[in-house]
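Let's take a walk through this structure together. Have the sequence and the 3D view side by side as you read.

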Protein chains: 2
Amino acid sequence: MPIMQIKEVHITPVAVPDPPLLNAAGLHAPYALRLIVEIVSDDGISGWGEIPGSEATRAALETAAEHLAGMDPWALNAIEATLEALAKPDARGATPWDQRTWVHVRSAIEVACYDLMGKSVGRPVVDLLGGAVRDRVPFAAYLFYKYGGAGGEFGFGRDESAVGWQAARQAEALDPAGIVAQARAMVDHYGFQSIKLKGGAFEAQQEVDAILALREAFGPDVPLRLDPNAIWRLDTAIAAGKQLDGVLEYYEDPVRGQDNMATVARALSIPLATNMCTTSFDDLPGSVAHQSEAIILSDHHFWGGFRASLELARFCAVFGRGLSMHSNSHLGISLAAMAHLAAAVPNLTYDCDTHYPWQDGHDLLVEPLTFEAGSVEVPSAPGLGIEVDRDKLARLHAQYLACGLTERNDEIEMQKLQPGWTFQATRW
Amino acid sequence: MPIMQIKEVHITPVAVPDPPLLNAAGLHAPYALRLIVEIVSDDGISGWGEIPGSEATRAALETAAEHLAGMDPWALNAIEATLEALAKPDARGATPWDQRTWVHVRSAIEVACYDLMGKSVGRPVVDLLGGAVRDRVPFAAYLFYKYGGAGGEFGFGRDESAVGWQAARQAEALDPAGIVAQARAMVDHYGFQSIKLKGGAFEAQQEVDAILALREAFGPDVPLRLDPNAIWRLDTAIAAGKQLDGVLEYYEDPVRGQDNMATVARALSIPLATNMCTTSFDDLPGSVAHQSEAIILSDHHFWGGFRASLELARFCAVFGRGLSMHSNSHLGISLAAMAHLAAAVPNLTYDCDTHYPWQDGHDLLVEPLTFEAGSVEVPSAPGLGIEVDRDKLARLHAQYLACGLTERNDEIEMQKLQPGWTFQATRW
């Protein structure tokens with residue numbers, strides 16, 4: 001019998017207010033969906049995980065949960081093998097999980113197990129990942145073009161000092177001036193030291209102009225990044241990149257596919273970064289063959305957990321890739337997990353992405369994590385070092401049931417405002 | 001202040017009787033040298049590590065030891081950064097550590113820390129590496145051409161049931177018949193299910209004939225491996241490999257260098273394996289570029305510890321390399337460490353190498369590990385799950401002081417029997 005056993009697994013879909021943010025795929029819905037996983041051990045310890053939400057992933061997690069009872073939460077390889085067997089089609093004709101479902105399920109469960117493991121031995125998760133190389137993890141301001149409004153109205157009370165940021169979170173930002181104003185409010189409140197703009201929403205010159213306006217406003221000491229979400233043509237991406245030479249810290253996914261990324265990389269002196277052309281271990285041989293990017297944005301939700309992320313970090317060190325971190329709309333469980341992981345990776349030297357400011361005031365933690373000079377202090381309490389507020393969790397779940405969304409679909413949200421709008425893999 | 005601190009580090013060089021085994025570099029000396037590292041925590045727990053011995057490595061470990069006191073044994077990244085700083089030349093003119101010293105020091109200390117960590121939380125080391133995917137780790141019989149004799153005479157008493165193997169350990173084995181007799185005695189006693197012959201000692205046809213004789217003696221169900229230690233010419237290696245097509249499980253380092261290995265690989269259908277052309281993370285880009293081998297023999301002593309070995313395992317999974325495990329003459333601390341690591345790596349699917357039978361009766365454990373049907377049961381007690389016998393350790397250390405050896409030099413040992421013999425990078 002294992003020393004410690006998984007007794008219960010609870011999966012709770014939640015809906016979190018999200019402003020109408022624009023990207024190449026369309027528009028964010030009024031609520032972002034997340035799945036909260038709680039694994040309870042036989043000695044009553046709870047471990048928590050959080051991943052992007054969808055009905056398919058929830059169903060897969062429920063199936064996984066049935067097989068985890070009785071397993072040792074430290075037996076990560078055995079748990080992974082169990083999940084892998086569930087992910088594959090079987091003789092009973094169960095639907096196989098797609099790659100995204102597989103990594104999400106694996107990540108949610110692994111993170112919850114690490115939280116449990118850390119709590120059971122009185123160590124923060126970062127200690128189980130090799131120990132901290134930094135006490136604070138720096139994040140970047142993550143700017144979006146957006147329509148006016150702040151998404152579903154629902155909150156747990158806000159920091160009164162955040163008035164400026166809350167106004168910007170409501171405000172429209174559809175041109176360079178709007179982006180600069182948004183940046184100013186976010187940087188003033190959170191203290192971020194670098195800035196990323198999610199592009200792919202408008203024709204390229206407008207987005208180049210927004211970057212140039214940010215440079216003008218913040219000066220050369222604040223690193224800038226632009227992410228057109230792989231939607232530009234090769235010639236557009238190269239022409240835009242030439243305008244941004246010496247301005248961007250990195251140029252994220254200007255075009256789609258490793259071969260196209262490599263073509264752009266050869267034409268420019270700005271380093272290219274990706275979380276779209278090299279997104280799984282299966283993509284690494286192609287990354288080496290094409291030399292498609294200089295920097296990979298890791299993400300434990302999409303690479304399959306902490307251990308996989310550490311292995312990706314070694315790949316980056318060995319094959320000369322820089323390492324940064326991607327995010328989606330998320331809550332504090334994910335933010336804590338990101339902080340523990342980033343603290344344990346020596347070569348994760350870029351400020352990490354986070355959407356956390358966009359969910360400001362809606363987190364499910366008893367004490368939401370805070371930013372100081374753009375950085376989050378790595379929690380030092382055992383496990384992830386956070387406490388989930390079960391009342392807030394219940395309210396966010398009720399919101400999920402009420403909002404009617406079951407998966408993210410930015411195209412449909414955009415069609416509500418622009419009938420007939422369709423996603424195009426390449427635009428501009 | 002850390003929860004747990006390193007209080008003392010003890011480094012003990014030991015000399016272990018080793019038979020006159022032949023290889024491409026010459027002859028094993030009568031004693032194999034190992035370094036035993038004991039790290040003691042402030043709460044009185046001891047963690048143990050073991051690596052190949054040399055005066056240079058001992059000196060480097062002593063330097064490292066001075067910097068470890070007060071550090072948290074769980075802070076592996078911080079410890080590694082400390083060691084890395086020591087490894088580099090500095091302003092004070094200290095001698096930089098070479099690559100081998102660096103990985104050995106790092107491995108010894110990391111393994112000792114894992115032993116400490118496991119003991120401190122009541123978990124076997126394998127649980128800290130992701131958990132066991134197998135309860136028993138299979139090893140291969142490791143055959144050597146040898147002169148008569150069993151090396152320095154010194155032992156802690158032997159298993160009476162080992163009479164047959166002890167005779168073979170003494171016996172000369174200089175031709176195919178001698179190799180088959182050695183294999184029979186080793187397999188009878190240890191139950192190994194696969195067999196490796198260290199070659200590079202005689203001209204190629206003799207070694208090919210030894211493999212064919214082993215196949216004749218053991219039949220097609222016992223996998224065979226030949227390791228000429230990279231000493232053959234390209235044409236010799238290809239001609240020998242063609243004779244062994246369908247006979248060898250893998251063909252280990254027939255030639256020197258990734259480019260030559262790739263040439264041989266293209267000419268043959270047998271998979272090539274290496275622990276000589278791809279031996280560090282710096283070699284991985286070349287391995288991908290050349291496609292120099294199908295299988296990498298990992299070794300936590302040479303790759304820098306457990307975490308590095310897990311990262312190598314991921315490389316192998318991603319880039320289509322098989323994974324096996326290399327060994328040197330070693331004692332039970334290393335064997336236990338190898339077993340914990342091998343148990344935690346899903347894609348380590350080949351039987352591992354071990355020299356342990358050649359050190360039979362000389363181990364420093366209170367209860368030496370035993371083989372059943374060629375496999376070692378992964379210790380389930382906390383940490384490495386072994387107990388070091390301090391009297392045996394003291395006797396092996398006294399033997400080190402008495403034997404006069406300070407580093408391994410197989411060429412000098414060979415010259416004692418064959419004056420004027422010199423190592424040649426390519427022979428035959």
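How much space lies in the largest cavity? About 90 Å³. Before we go further, a word on the ground rules: this is a predicted model, in which local features need pLDDT of at least 70 and side-chain atom pairs count only at pLDDT 80 or more, while totals for chains, interfaces and linings use all residues. Residues are numbered from 1 along each chain as its sequence is written, chains are lettered from A and ligands numbered from 1 in the order in which they are written, and side-chain values use heavy atoms, with hydrogens and water left out.

The structure holds 6 cavities of 30 Å³ or more. A cavity here is a set of points, on a 1 Å grid over the protein atoms alone, where a 1.4 Å probe fits but cannot get out, and lining residues have an atom within 4 Å of a point. Grid points are joined across faces, edges and corners, and the volume is the space filled by probe spheres set on the points. The largest cavity is lined by 14 residues, and the closest to its centre are Glu311(A), Phe315(A), Glu311(B), Arg314(B) and Phe315(B). Helix H12 (306–318) of chain A and helix H12 (306–318) of chain B each supply at least two residues of this lining. Helices (H or I, at least four residues) and strands (E, at least two) are DSSP runs, numbered from the N terminus. By class, the lining has 10 nonpolar, no polar and 4 charged residues; Ala, Val, Leu, Ile, Met, Phe, Trp, Tyr, Cys and Pro count as nonpolar, Asp, Glu, Lys and Arg as charged, and the others, Gly among them, as polar.

Now turn to chain A, where 7 strands make an open sheet with parallel pairing, in the order E7-E8-E9-E10-E11-E12-E13. Two strands pair if DSSP finds at least two bridges between them. At the edges are strand E7 (141–144) and strand E13 (322–325) of chain A, each pairing on one side only. E7(A) joins strand E8 (residues 195–198) of chain A over 4 bridges, and Tyr142(A) stands opposite Lys196(A) in E8(A). Helix H9 (residues 258–267) of chain A packs on the sheet and touches strand E10 (248–252) and strand E11 (272–274) of chain A, its direction making about 155° with that of E11(A). Contact means heavy atoms within 4.5 Å; axes are lines fitted to C-alpha atoms, for helices over the stretch in contact, and angles run from 0 to 180 degrees between N-to-C directions.

Two helices of chain A also deserve a look. Helix H5 (residues 163–170) and helix H6 (residues 176–190) of chain A pack at about 150°, with their axes 8 Å apart. Gly164(A), Trp165(A) and Ala168(A) in H5(A) meet residues of H6(A) including Gln182(A) and Tyr190(A).

Finally, chain B has an open sheet of 7 strands with parallel pairing. There, Leu197(B) stands opposite Leu226(B) in E9(B).

Technical notes. 1 Å grid on protein atoms, 1.4 Å probe; cavity = no way out; pocket = protein on both sides within 12 Å on 5 of 7 lines; lining within 4 Å.
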